[in-house]
Amino acid sequence: MNAPLLDRSYLADPAILGQVRADLQRACERAECPAAHAHDLVLAVNEACMNVIQHAYRDTRLPEEDRVFVLRLARDDASLVVHLLDRGRKISESDLKPRPLDEIRPGGLGVSLIRELTDCMKYLPAPESFANLLELRKDLG
């Protein structure tokens, strides 16, 4: 990944998501990302951050001030690449089982939404001191 356009740590609190969206939107503008692509990426990242808050940090014994996530955005060739890192409960690809879209009930659509809005979603080995590293890619072409 090239030098980050955004590299910031946030408290894992839903109240911070407005700031996350604004920071990511500005970084997408600096990357000269088309507005529609930026919109999709901001929406997908917002959902991924909410999943970290709701699921990765659920039932953890970490003090509130240690419940953080790191958001990084960089441009890589013809894509924007987001890395979302957290220190919560370890998640694996098998944990990401979206429910069928025709099943009507609240919740469970976040992974489907993220996959629909991005060109690639995958978990990578997390660096030391982190439990999870989610990579999202949005092609600019």
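Predicted model: local features only at pLDDT ≥ 70, side-chain atom pairs only at ≥ 80, totals over all residues.

Reader: OK, how many helices and strands does the chain have?

Author: There are 3 helices and 5 strands. Starting at the N terminus, the order is β-α-α-β-β-α-β-β.

Reader: And what percentage of the residues count as buried?

Author: Of the 141 residues, 43% are buried. As for contacts with a separation of 6 or more, 63% of them are between residues 24 or more positions apart.

Reader: On to charges. How many salt bridges are there?

Author: The count is 7. One of them pairs Asp 23 with Arg 8, and their closest N and O atoms are 2.5 Å apart. That pair links distant parts of the chain, as Asp 23 is in helix H1 and Arg 8 is in strand E1, 15 residues apart.

Reader: Is Asp 23 buried or exposed?

Author: Asp 23 is buried, because its relative accessible area is 7% and the cut-off for buried is under 20%.

Reader: Which residues are linked in a network of salt bridges?

Author: The network has Asp 76, Lys 122, Glu 135 and Arg 137 in it.

Reader: What does Asp 76 do with Arg 137 there?

Author: Asp 76 makes a salt bridge with Arg 137, with 3.2 Å between the closest N and O atoms. Asp 76 belongs to strand E2 (residues 68-76) and Arg 137 to strand E5 (residues 132-139), so this bridge ties together parts 61 residues apart in sequence.

Reader: And how far apart are the closest N and O atoms of Glu 135 and Arg 137?

Author: For that salt bridge it's 3.2 Å. Glu 135 is buried, with a relative accessible area of 6%, while Arg 137 is partly exposed at 21%.

Reader: Switching topic: which residues of helix H3 are buried?

Author: In helix H3 (residues 110-117), they are Gly 110, Val 111, Ser 112, Ile 114 and Leu 117.

Reader: What do those buried residues pack against?

Author: They pack against helix H2 (35-56), strand E4 (120-124) and E5.

Reader: I also had my eye on Val 81. Where does Val 81 lie?

Author: Val 81 is in strand E3, which covers residues 79-86. Its relative accessibility is 0%, so Val 81 counts as buried.

Reader: How far is the C-alpha atom of Val 81 from that of Leu 41?

Author: The two C-alpha atoms are separated by 9.6 Å, and the residues are 40 apart along the chain.

Reader: Last one, the surface. Which residues gather in a patch of negative charge?

Author: That patch on the surface is made of Asp 13, Glu 64, Glu 65 and Asp 66.

Reader: Where is Asp 13 found?

Author: Asp 13 is in the loop between strand E1 (6-11) and helix H1 (17-30).

Reader: And why does Asp 13 count as partly exposed?

Author: Because its relative accessibility is 32%, and partly exposed runs from the 20% limit for buried up to the 50% limit for exposed.

How values were computed
Residues numbered from 1 in each chain as written. Heavy atoms only, no water. Patch = residues over 30% accessible without salt bridge, like charges linked within 9 Å, V, L, I, M, F, W, Y side chains within 5 Å. Areas by Shrake-Rupley, 256 points an atom, 1.4 Å probe, with all protein chains shown as cover. Salt bridge = Lys/Arg side-chain N within 4 Å of Asp/Glu carboxyl O. Lys, Arg positive; Asp, Glu negative; His and termini not counted. Charge placed at Lys NZ, Arg CZ, Asp CG, Glu CD. Helix = DSSP H or I, 4+ residues; strand = E, 2+ residues; numbered from the N terminus. Buried < 20%, exposed > 50% of the residue type's maximum accessible area, 1.4 Å probe, protein only. Contact = heavy atoms within 4.5 Å.
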